[in-house]
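The following paragraphs go through one protein chain, from its overall layout to single residues. Please keep the sequence and the structure in view while reading.

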Amino acid sequence: MTIDELKKNAIENNIPIMQDGAIEYIKRRIKLFNLNKILEIGTAVGYSAAQMASVSDKVHVTTIEKDAERFMMATKNINALEMHEQIDLIFNDALTLDIVEKYNLIVIDAAKGKNTHFFEKYKKNLLNNGFIIIDNINFHGLVGKSETISSKNLRQLVEKIEDFLEYLKTQEDEFYIEIVDEGDGLAVCQRK
Ligand SMILES: C[S@@+](CC[C@H](N)C(=O)[O-])C[C@H]1O[C@@H](n2cnc3c(N)ncnc32)[C@H](O)[C@@H]1O
């Protein structure tokens, strides 16, 4: 199996995966800053983890997924790609799990309404000068326009992403924060 085949399978099965612009941006950052210890929250079927690990065989990714079926598919995919030595898959709820290891890149790509929880919980796991990158910060162009959304559930989700962006402003003493218009929008936070 190849990563392109994994991507095709994921799309065919309606598994949400990171958009091309976002994953390419993250891979460039991994190369540029030599980010070789990565924690990802939200594995789905292992696509973005495999992409990040493909940058170099020195890159190690630990990735967390709470959905049993997706976790099993991810395990199968990572084995088929022969990337099991580079990628550790954890089947757990990242909101309650406790991790002591430290990483130089943390990628948050899980429940979009819980970004603040994940950020607060995992920033202790970030090494000095490390990055936390959060995906879907534009949420299909709806962020900043929540008052125009008629569906209550969707509006509440978009409001949570807007709240998260407000929360990030409170982190500016500790992090350099940049909103990058790649893929569905990334918040890129570098610890000062
Ligand atoms: C957008 S998908 C991840 C896509 C993946 N990063 C990729 O690009 O290939 C989000 C995943 O996060 C998982 N998730 C949501 N909340 C979670 C939590 N609290 N702990 C672990 N996984 C979670 C969902 O089950 C879903 O599979």
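Helices (H or I, at least four residues) and strands (E, at least two) are DSSP runs, numbered from the N terminus. On that basis the chain has six helices and seven strands. Read from the N terminus, these elements follow the order α-α-β-α-β-α-β-β-α-β-α-β-β. The model is a predicted one, in which local features need pLDDT of at least 70 and side-chain atom pairs count only at pLDDT 80 or more, while totals for chains, interfaces and linings use all residues. Residue numbers start from 1 along each chain as its sequence is written.

The overall dimensions come next. Along the principal axes, the C-alpha atoms of the chain fill a box of roughly 45 × 40 × 30 Å. The radius of gyration is taken over C-alpha atoms, and the globule rule used for comparison is 2.2 Å times the number of residues to the power 0.38. For 192 residues, a compact globule would have a radius of gyration near 16 Å, and the chain agrees with this because its own value is 16 Å.

Burial is judged by counting neighbours: a residue is buried if 20 or more other C-beta atoms lie within 10 Å of its own, exposed if 12 or fewer, and partly exposed in between, with C-beta atoms placed from the backbone. Of the 192 residues in the chain, 37% are buried. Two residues are in contact if their C-beta atoms, placed from the backbone, lie within 7 Å. Among the contacts with a separation of 6 or more, 65% are between residues 24 or more positions apart.

In soluble globular proteins, nonpolar side chains tend to be buried together. A nonpolar core here is a set of buried Ala, Val, Leu, Ile, Met, Phe, Trp, Tyr and Cys residues joined through C-beta atoms within 7 Å. The largest such core has 51 residues, and the members that touch the most others are I38, M52, L105, I106, I108, I132 and I133. Beyond residues up to four places away in sequence, M52 touches I26, K27, I30, I38, V59 and V61.

Which residues of helix 5 are buried? They are N115, F118 and F119. These residues lie on the same side of helix 5, because they cover an arc of only 100° around the axis, the arc being that of the directions from the helix axis to the C-beta atoms. Their cover includes strand 1 (37–41), strand 4 (103–108), strand 5 (126–135) and helix 6 (152–169). F118 counts as buried because 22 other C-beta atoms lie within 10 Å. Leaving aside neighbours within four places in sequence, F118 is in contact with I41, A94, I108 and A110.

T63, in strand 2, is also buried, with 27 C-beta neighbours inside 10 Å. L127, in strand 5, is partly exposed, with 15 other C-beta atoms within 10 Å. The C-alpha atoms of L127 and R191 are separated by 8.1 Å, although the two residues are 64 residues apart along the chain. K31, in helix 2 (residues 20–33), is exposed, since 12 other C-beta atoms lie within 10 Å.

Two loop residues remain. Most residues other than glycine have a negative phi. A44, in the loop between strand 1 and helix 3, has a positive phi near 50°. F139, in the loop between strand 5 and helix 6, has a positive phi of about 35°. A44 is buried, with 23 C-beta neighbours inside 10 Å, and F139 is buried with 20.
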